[in-house]
Amino acid sequence: GAITLAYARTYFHTGSFSLTPVSTAVEGTSSLLWVAVMGFASVFGQKAGYLLAISKICSAACFVLFLLLFRRFAGKVLDSVYRDVAVITMALAVTPLAEIANGMEMNLYALLVLLLTVLWLQDELKGWKLVAACSILSVLSLAIRFESPFLLLFLYMGLAFGRPDRRRDIPKLIVVDAVALACLELWRWRAVHDVLPNTIYAKRWMPYTEPGVLHEGYRHVLGLLELPIVFAGPTAAVAILALLELLRRRSQTSTNRPQVRLQGDVILLALMSVGALSFGLLLGKNWGTVGRMTFAFAPFFVLMLFVMIRDIQVSRQSRNLLFASILLFQLLALLAQMPRTLRNSVPESLVESHGRDLERIRIGLDQPSLSVMIPDVGGTALCCERLRLIDSGLLTNKVLAHRGYAAVPEVIDEERPDVIETHSTWQQYGG
């Protein structure tokens, strides 16, 4: 979160896409749209505390709007009781709350994807107005995460089945997206002289990715399971009910078994849920909070779970007990994970502590800038704009991101940092 805020402030006030005005230009943030949003906020204040606070407020506002839209979307598929339990389940997920604690972009991402889906499925907006509105949302989604083309591919497949009468408009969205991607690549090359975000290169190395085929396969399996883990309560409920239903049906004759009819909305949710799991499998477990990369698909996955719960016949008393168990499980899981989430967030005090001593060295040496090699660059950049930061955590250093820790000696020889600071995990790899 702090890295993105530092980029936003520097880019909006100097035109250089870098951590600080005296640092090297490189795309070390994973969200260009969030840089734009936070950059606009920096027009009204540039202090670290203000930027951290406004990022958390914006992330929280996006999640509130997301929940309101999700409630409306869920109401088209579920009755009021199931809908409300689904909304509360979503509100108790740890992923969006971690995004708020860190002031990050995935709540906005989820809001954009859900809004695009709702617009596509409604009947009021039609023709070129619908295509224009959905194109704006898809382009914004492309700007918020580099991985968005893969997500949009799965999303468009689901929307094609959700509204067969609008399938002819999907190629129009794809053309607009292709043009937008080309424009983003032109900007990227002009701003940082690269074709991919630096973070993509950086996360090929430790500690972001474990080496070896087995570790890589394990990472992708974890990506597949992220949403079921985040929503373990309803996932477990569906598994148990499905097993009980299977045992019950085995005791019935084929003529007495109820016939299942798949409605259009259910097919849409099923396709989107498969898309969510496939997207997670494709990307693998991401560095950060569980479920971060797949949370934009969470509405479809959660609704699919509750549709399955609804369609398995249980008594009203059993249903209420099941709902209470789901919500209690989600609440306990949230409470168990919140201390770690809050501990890993970015408080203003941490930002100050990272840069304060380095800034004192610069002032003591009476230098206009100080070259510092350090792994925790985000907070340091927010604190002190006259530090020239060399990121031993790889994310914002082009040479280390491309070549890994083997290039550390070369970077030190070339950059000649005035100060080198390292600790914990980073000392093991780059120290």
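**Figure 1. Ser278 sits in helix H13, residues 264–283.** The model is predicted; local features need pLDDT of at least 70, side-chain atom pairs count only at pLDDT 80 or more, and totals for chains, interfaces and linings use all residues. Residues are numbered from 1 along each chain as its sequence is written, and side-chain values use heavy atoms, with hydrogens and water left out. Helices (H or I, at least four residues) and strands (E, at least two) are DSSP runs, numbered from the N terminus. Ser278 has 26% relative accessibility, so it counts as partly exposed. Buried means under 20% relative accessible area, exposed over 50%, and partly exposed in between (1.4 Å probe, protein chains only). Ser141 is 137 residues away from Ser278 along the chain, and their C-alpha atoms are separated by 19 Å.

**Figure 2. Helix H6 is mostly covered.** Of its 16 residues, 14 are buried. H6 runs over residues 106–121. At 1.5 Å a residue, H6 should span 22 Å; its end C-alpha atoms are 23 Å apart, which agrees. The expected span is 1.5 Å times one less than the number of residues in the helix.

**Figure 3. Asp366 occupies the loop between helix H16 (348–365) and strand S1 (370–374).** Its phi is positive, about 55 degrees, although Asp366 is not a glycine. Asp366 is exposed, with a relative accessible area of 68%.

**Figure 4. Leu394 lies in the loop that links strand S2 (387–391) and helix H18 (398–403).** Leu394 is not a glycine, yet has a positive phi of about 80 degrees. The residue is buried: Leu394 has a relative accessible area of 0%.

**Figure 5. The chain as a whole holds 20 helices and three strands.** Its C-alpha atoms fill a box of roughly 85 × 45 × 40 Å, taken along the principal axes. Of the 431 residues, 50% count as buried. Among contacts (heavy atoms within 4.5 Å) between residues at least 6 apart in sequence, 74% join residues at least 24 apart.
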